[in-house]
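Colleague: I have the model open and would like to go through it with you. Could you walk me through the overall picture and then the details?

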Amino acid sequence: MKDIGPVNALYPSLTTIVGCVADGRANFLAVAHVGIMNHGQPQYLTFGINKAHHSGRGILEHGEFSVNIPDQDLMVETDYVGIVTGKNTDKSGVFEHFTGELAHAPLIRACPVAMECRLYKTLDFETHDVFVGEVVKTWAREDVLTDKGKPDPARVRPLLFDMATLGYYALGAKVGDCWNAGKALKRR
Ligand SMILES: Cc1cc2nc3c(=O)[nH]c(=O)nc-3n(C[C@H](O)[C@H](O)[C@H](O)COP(=O)(O)O)c2cc1C
């Protein structure tokens, strides 16, 4: 093993598009630094947004946002909203969007999965605001759901992001069952 320095190696991560209303219009930005806070009800998720970005203002003003999961076909649009800022560019027309339960959480129609979130907590962290959101409602295209009504990653075809190689990646095949594969060692 070679020491490669204090490199954050928690990649690839899921690429999402966070939507909000800022300065009275919908705004979207790419966010790949996302986390899951818990499992249970209610469900909370977290991500960090640089304070210099336009979106943080909208999230702080309205306390609402959406987290949309783009598929690989949306790579170009996802990257675009990750390189231009709503400060000087109107990004409201990049995606057709709709409003669900929350008035300030624009949901992207083309994304196979999209969540409406209410801001639960904000952590002022150095250059970033870390937002913790409560998932209020989740929307999914029917063709990406399993027969149990859950999003199937193989059908969602998410875009994965890697910082080291600055690349987008596709998901590989399922290789095992969670909370099950390890039982092989228990039996020994
Ligand atoms: C793949 C990708 C992932 C990104 N992830 C984040 C992130 O997690 N946090 C962040 O603050 N910016 C992230 N960015 C940068 C913002 O999306 C970008 O600066 C955007 O233009 C900000 O838009 P806004 O000023 O309209 O809010 C990412 C960009 C790309 C291309």
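Modeller: Let us begin with the chain as a whole and then turn to rings, peptide bonds and individual residues.

Colleague: Fine. What kind of model is it, and how many helices and strands does the chain have?

Modeller: This is a predicted model, and the secondary structure of its chain comes to 4 helices and 12 strands. The radius of gyration is 17 Å, close to the 16 Å that the globule rule gives for 188 residues, so the chain is as compact as a globular protein of that length.

Colleague: And what does the C-alpha trace span along its principal axes?

Modeller: The C-alpha trace spans about 60 × 45 × 30 Å along those axes. As for burial, 37% of the 188 residues count as buried, and the accessible surface comes to about 11600 Å², with 56% of that area belonging to carbon and sulfur atoms.

Colleague: What about contacts, how many join residues at least 24 apart?

Modeller: If we take the contacts between residues at least 6 apart in sequence, 61% of them join residues at least 24 apart.

Colleague: And the charges, how far apart are the mean positions of the positive and negative ones?

Modeller: There are 20 positive and 22 negative charges in the chain, and their mean positions are 8 Å apart.

Colleague: Changing topic to the rings: how many aromatic pairs does the structure hold?

Modeller: The structure holds 6 aromatic pairs.

Colleague: Is Phe161 buried or exposed?

Modeller: Phe161 has a relative accessible area of 16%, and because buried means under 20%, Phe161 counts as buried.

Colleague: Then there is Tyr44 with Tyr120; why is that pair called tilted?

Modeller: The ring centres of Tyr44 and Tyr120 are 4.6 Å apart and the planes stand at 45°, which lies between the limits of 30 degrees for stacked and 60 for edge-to-face, so the pair is tilted. Here too distant parts of the chain are linked, with Tyr44 in strand S5 (residues 44-50) and Tyr120 in strand S9 (residues 113-125), 76 residues apart.

Colleague: And how do those two stand for accessibility, buried or partly exposed?

Modeller: Tyr44, at 18% relative accessibility, counts as buried, whereas Tyr120, at 47%, counts as partly exposed.

Colleague: Which residues form an aromatic cluster?

Modeller: Phe47, Phe65 and Phe131 form one aromatic cluster.

Colleague: Which residue other than glycine has a positive phi, then?

Modeller: Asp23 is one, with phi near 55°, and this residue is found in the loop between strand S2 (16-22) and strand S3 (25-31). With a relative accessible area of 53%, Asp23 is exposed. Trp179 likewise has a positive phi of about 55° although it is not a glycine; this residue lies in the loop between strand S12 (167-169) and helix H4 (183-186) and is exposed, with a relative accessible area of 83%.

Colleague: Back to Asp23: which residues does it touch, leaving out those up to four places away in sequence?

Modeller: On that basis Asp23 touches His54 and Arg57. The C-alpha atoms of Asp23 and Gly86 are separated by 9.2 Å, while along the chain these two residues are 63 residues apart.

Colleague: One more, Asn180: where does it lie?

Modeller: Asn180 lies in the loop between S12 and H4, and with a relative accessible area of 34% this residue is partly exposed. From C-alpha to C-alpha, Asn180 and Ser55 are 41 Å apart in space, and they are 125 residues apart in sequence.

Definitions and conventions:
Residues numbered from 1 in each chain as written. Predicted model: local features only at pLDDT ≥ 70, side-chain atom pairs only at ≥ 80, totals over all residues. Heavy atoms only, no water. Helix = DSSP H or I, 4+ residues; strand = E, 2+ residues; numbered from the N terminus. Rg over C-alpha atoms; globule rule 2.2 N^0.38 Å. Buried < 20%, exposed > 50% of the residue type's maximum accessible area, 1.4 Å probe, protein only. Contact = heavy atoms within 4.5 Å. Areas by Shrake-Rupley, 256 points an atom, 1.4 Å probe, with all protein chains shown as cover. Lys, Arg positive; Asp, Glu negative; His and termini not counted. Charge placed at Lys NZ, Arg CZ, Asp CG, Glu CD. Phe/Tyr/Trp six-rings, centres within 6.5 Å; stacked < 30°, edge-to-face > 60°.
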